[in-house]
Amino acid sequence: MEENRCQSCGMPMVATEHFGTNYDQTPTTEYCCFCYQHGAFTDSFTFQEFIADAIKFDDGTRAKDYKQSDEELMLTATNRLQNLKRWRTHQTVHQEYYQSVERVIHYIHTKLETPLTLTELAREAHISEYHFHRIFKAILNESPGEYIQQLRLEKAAFKLQTTNLPLLEIAEEVGYQTPYALSRAFKKRYGITPSRDTG
């Protein structure tokens with residue numbers, strides 16, 4: 001049987017018992033039994049409410065040393081769900097903006113140890129610098145620079161707790177040129193200097 005995906009939640013429907021039901025109780029291949037029964041949706045969520053509910057059931061696909069923020073999970077869920085039939089008319093922000101920001105987030109994760117400029121990130125997003133900065137902040141509630149620094153400091157804290165690497169090496173691996181620069185940024189954000197006891 002060809003795999004169908006629910007056009008409400010995106011769940012694969014690989015067997016007929018996964019199908020929702022129409023008003024006359026016949027199965028529908030468009031929606032799953034969790035989202036659609038007796039010819040109606042089983043919830044009355046708005047698009048935003050459905051997104052918020054969806055991120056509660058994160059499948060745990062995360063980088064091993066980084067826990068995704070709610071904003072990142074919301075971005076991923078929005079990107080996935082707004083392609084589905086139920087939500088196509090509920091788009092509040094251009095889909096391409098979400099896709100561009102998600103692409104830049106992946107790019108940042110792969111280049112975190114290197115200097116990253118707004119020009120470079122905007123080019124990756126295929127958006128002008130001015131609009132990229134504004135869109136990124138509107139979606140993630142922080143600027144690209146703030147986001148990058150948060151990632152670097154979280155990665156540094158993780159390495160302090162899970163490795164015996166010297167601070168110099170950790171600083172280089174997370175994109176700081178010197179241990180002093182890392183320590184200063186770390187103290188400014190967390191109120192303490194980086195150490196093995198940092199939790």
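This is a predicted model: local features need pLDDT of at least 70, side-chain atom pairs count only at pLDDT 80 or more; totals for chains, interfaces and linings use all residues.
**Exercise 1.** Which residue in S4 is the bridge partner of Gly-20?

*Solution.* Start with the strands, which are DSSP runs (E, at least two residues) numbered from the N terminus. Strand S3 covers residues 19–21 and strand S4 covers residues 27–32. The two run antiparallel and are joined by three bridges; strands pair if DSSP finds at least two bridges between them. Within this pairing, Gly-20 has Thr-28 in S4 as its bridge partner. The hairpin has five residues between the strands, and Gln-25 takes a positive phi near 75 degrees there.

**Exercise 2.** How many disulfides does the whole structure hold?

*Solution.* A disulfide is a pair of cysteine sulfur atoms within 2.5 Å. For Cys-6, the closest cysteine sulfur is in Cys-32, at 3.8 Å, which is too far for a bond. For Cys-35, the closest cysteine sulfur is also in Cys-32, at 3.7 Å, again too far for a bond. The search of the whole structure finds zero disulfides. Cys-6 is buried (under 20% relative accessible area; exposed is over 50%, partly exposed in between; 1.4 Å probe, protein chains only), at 0% relative accessibility. Cys-35 is buried too, at 5%.

**Exercise 3.** Where in the chain do the partners Glu-30 and Lys-85 lie?

*Solution.* The structure holds three salt bridges, each a side-chain nitrogen of Lys or Arg within 4 Å of a carboxyl oxygen of Asp or Glu. One of them joins Glu-30 and Lys-85 (2.7 Å, N to O). Glu-30 lies in strand S4 and Lys-85 in the loop between helix H2 (70–81) and helix H3 (95–110), so the pair ties together parts 55 residues apart in sequence. Helices are DSSP runs of H or I, at least four residues. Glu-30 is partly exposed at 30%, and Lys-85 is partly exposed at 40%.

Conventions. Residues are numbered from 1 along each chain as its sequence is written. Side-chain values use heavy atoms; hydrogens and water are left out.
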